[in-house]
Amino acid sequence: MAKVEYIPIKSNNALVVHPDLAVLSALQPVLSQRGFVPILARDLPTALLAISQHRFELCILSMAISEKSDGWALAAVLRMCFPHAFVAMIASKPDLLMLQTAINTGVSQLYLASESPATNAEAILRDYSRWDAASKLQ
């Protein structure tokens, strides 16, 4: 099998997958203001199509997209496709099993669904900036 070489262009695309349109609407302008091109999806088929057509530096997912925990499987796919991306999961109150799942699926950071979308967006972008700066030092 031939190795596929990608064009090394820094895209600054951000994938946001959440079933709630209000959350997507709140995250989109914040990401745009920070220089990202937000690609929005409300379901798994749309998210998979976006993954096949774009490269992502930042991925923001809901733990529950169509079903209770299908965000974890998508997070694992994103980690495999984009190993250097920051993967943020918006989830309910975390417990030990959730933290273990986050580690096993390659989620970079968990954020509480009980927080407002604007608060989560600011926290995600702050953590992404720290993560990006640290990855450039390596």
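1. Surface. The accessible surface of the chain comes to about 8100 Å², and 60% of that area belongs to carbon and sulfur atoms. Areas come from the Shrake-Rupley method with a 1.4 Å probe, and for residues only the protein chains shown count as cover.

2. Basis. This is a predicted model: local features need pLDDT of at least 70, side-chain atom pairs count only at pLDDT 80 or more, and totals for chains, interfaces and linings use all residues. Residues are numbered from 1 along each chain as its sequence is written, and side-chain values use heavy atoms, with hydrogens and water left out.

3. Fold. The chain has 5 helices and 5 strands. These are DSSP runs numbered from the N terminus: helices are H or I with at least four residues, strands E with at least two. Along the sequence the pattern reads β-α-β-α-β-α-β-α-β-α. The radius of gyration is 14 Å, close to the 14 Å of the globule rule for 138 residues, so the chain is as compact as a globular protein of that length. That radius is taken over C-alpha atoms, and the rule is 2.2 Å times the number of residues to the power 0.38.

4. Of the 138 residues, 41% count as buried. Buried means under 20% relative accessible area, exposed over 50%, and partly exposed in between (1.4 Å probe, protein chains only). Take the contacts (heavy atoms within 4.5 Å) between residues at least 6 apart in sequence: 58% join residues at least 24 apart.

5. A nonpolar core is a set of buried Ala, Val, Leu, Ile, Met, Phe, Trp, Tyr and Cys residues joined through side-chain atoms within 4.5 Å. The largest one has 25 residues, and Leu15 and Met89 touch the most other members. Elements that each supply at least two residues include strand E1 (13-17), strand E4 (86-91) and helix H3 (70-81). H3 gives the largest share, 4 residues.

6. Second core. A separate core of 19 residues includes Leu58, Phe86, Ala88 and Tyr128.

7. Met89. Neighbours within four places in sequence are set aside here. Among the contacts of Met89 are Leu61, Trp72, Ala75, Val107 and Gln109.

8. Gln109. This residue is found in strand E5 (residues 109-112). At 36% relative accessibility, Gln109 counts as partly exposed. Leaving aside neighbours within four places in sequence, Gln109 is in contact with Phe86, Val87, Ala88, Met89 and Asp127. Its C-alpha atom is separated by 25 Å from that of Gln53, 56 residues apart along the chain.
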